[in-house]
Amino acid sequence: MTDPSGNDPSLTSLIISTAIRTGIGALAGGTIGGIDAKLRGDDVLVGVLEGGLSGGTIGAAAPLAFVGRFGTLAFSYFTAQGVYGAYEAFSEGEILLGAFRAIVVTVPAASKAKMKSRQLARDKNVNSQAPRDLPTARPISRSETQNAALQKLIGELKAKGASKIRVDQQQVDSSGVRVGVNRPDLQYELNGKRYYVEFDRASSGRGRPHALRLLSNDPDGEVHLITLD
Amino acid sequence: MPNPDSMKYLLDNQLAPLTFSWAFLEAPLDVVVASVKQWREGYGRRLAISSHKGEVARLLLHLAPLANTRNRELFIGTNSGWTAYFDNDRNGGDVFTPASYLPKAFGMRGVAVSAAPNTMKSNRKDARGIYGGVRMSVYATRDIKYHNCLRSIAALNDGGKWVFHADGEVQSWEEPGRYQAKRIADRFTPELLETYCRHFGLNIFEPAFYGPDAVLIASDEPVSMIQTLEERQREMGLID
């Protein structure tokens, strides 16, 4: 059941998942910090270390409650800092540095917009009103292993205070708005973030299309794919 | 489908969506509140707890404002051995987690109920209304198979298509013949829900059944959208 990509949301994989987030954050932060330092003529190694430390910290802390709570605020702060940095570079005649900072600032927003643009017409045209939630004890599959794993996961999530739990119902985002007619096996809210979980058999190959559709409907959500026969 | 106007709802749904879904826990008010406090603080939530007294219609107003994720929960004593649970989820009561978790973790049975009128007349993107339906789930203090849901019955409009679900063993207090009704909405109505709940000593649609003692628990659960009750009622087409 463990997904090596860190996408298995069970408690036992939390450490692996945090390590993966930290690594990705550190790599992205280090790369940006290093390039920025090189363009402004500073020590590249220092830039890599500073950027890597910031990125790694953000990656590690991402699942924590306070990050979810202040996520929008933090995102706005970093965006504002980036915009100011780009402005500062342009006004000092550092065109290349300014262009680099402008790209870094716009990439997250652009990638979200790109993801949203992939939304299927039948999802785009759905009425935003969410139906009432159905009982969650319903099976999601003919595989008893999958049904048992789903209920075990729901049990763990309830202990952590997860809310807005839906099983095999149309996709509803963090605001309680229906965003698609696809039916993730499980969807829930935890610490201010919306999660979607799909169980697939090893032979199915439907995991990636499932994830892309879920994210095109809700680019702010997080998808977990669990392979289980 | 029966006319929604002729159906029974709590307070005639004048405070909807607060009265679309709620739950009951089989323990006195102070025991339920202490259990919730232990549970929520156990995973790091900070809580503000306040006591209130009054009729249910006034008590429910303490839940405002509504939020995209419940961060205000109201526990109301009843004239039975059960405590009622309501919350401020903007879609109308997100009661599954407390109604199912508390029974197993703290040894008190739980009953979750939902009764919302179906006013959605079209599947068009711009149509206004509510996908309605009726639902009841009974949660035991121990696991039955993979979960502690003893019985769930639901007939609701699942986003444009009416569905009927019944999970778990048929209980002695049920009228399974009703589930054969041709129209799905007729298989589980608010009246049948009310009858089933009476088996547990719950007069769910009777305002005098609730109160006067209540406790509000407000938490620091992250929310990204808050609305007044009136704003949400207007958005849902409940008021003009």
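Me: What makes 60% the figure for contacts in chain A that join residues at least 24 apart?

Reply: Happy to start there. Of the contacts in chain A between residues at least 6 apart in sequence, 60% join residues at least 24 apart. Two residues count as a contact when their C-beta atoms lie within 7 Å. Please keep in mind that this is a predicted model.

Me: What makes a residue of chain A buried, and what percentage of chain A is buried?

Reply: The test is 20 or more other C-beta atoms within 10 Å of the residue's own. In chain A, with its 229 residues, 38% are buried.

Me: How many helices and strands does chain A have, and in which pattern?

Reply: Chain A has 7 helices and 4 strands. Along the sequence they run α-α-α-α-α-α-β-β-β-α-β.

Me: Where are the domains of chain A, and how many Å apart are their C-alpha centres?

Reply: Domain 1 covers 11-119 and domain 2 covers 123-227. Their C-alpha centres lie 28 Å apart.

Me: How do you know that chain A touches chain B, and which elements take part?

Reply: The contact criterion is C-beta atoms within 7 Å, and 38 residues of chain A are in contact with 41 residues of chain B. On the chain A side, α3 (65-91), α6 (144-159) and β1 (163-167) each supply at least two residues. The largest share, 6 residues, comes from α6(A).

Me: What classes of residue make up the side of chain A that touches chain B?

Reply: That side has 17 polar, 11 nonpolar and 10 charged residues. Gly counts as polar here.

Definitions and conventions
Residues numbered from 1 in each chain as written. Chains lettered and ligands numbered in written order. Predicted model: local features only at pLDDT ≥ 70, side-chain atom pairs only at ≥ 80, totals over all residues. Buried ≥ 20, exposed ≤ 12 C-beta atoms within 10 Å, placed from the backbone. Domains from an automatic or database assignment.
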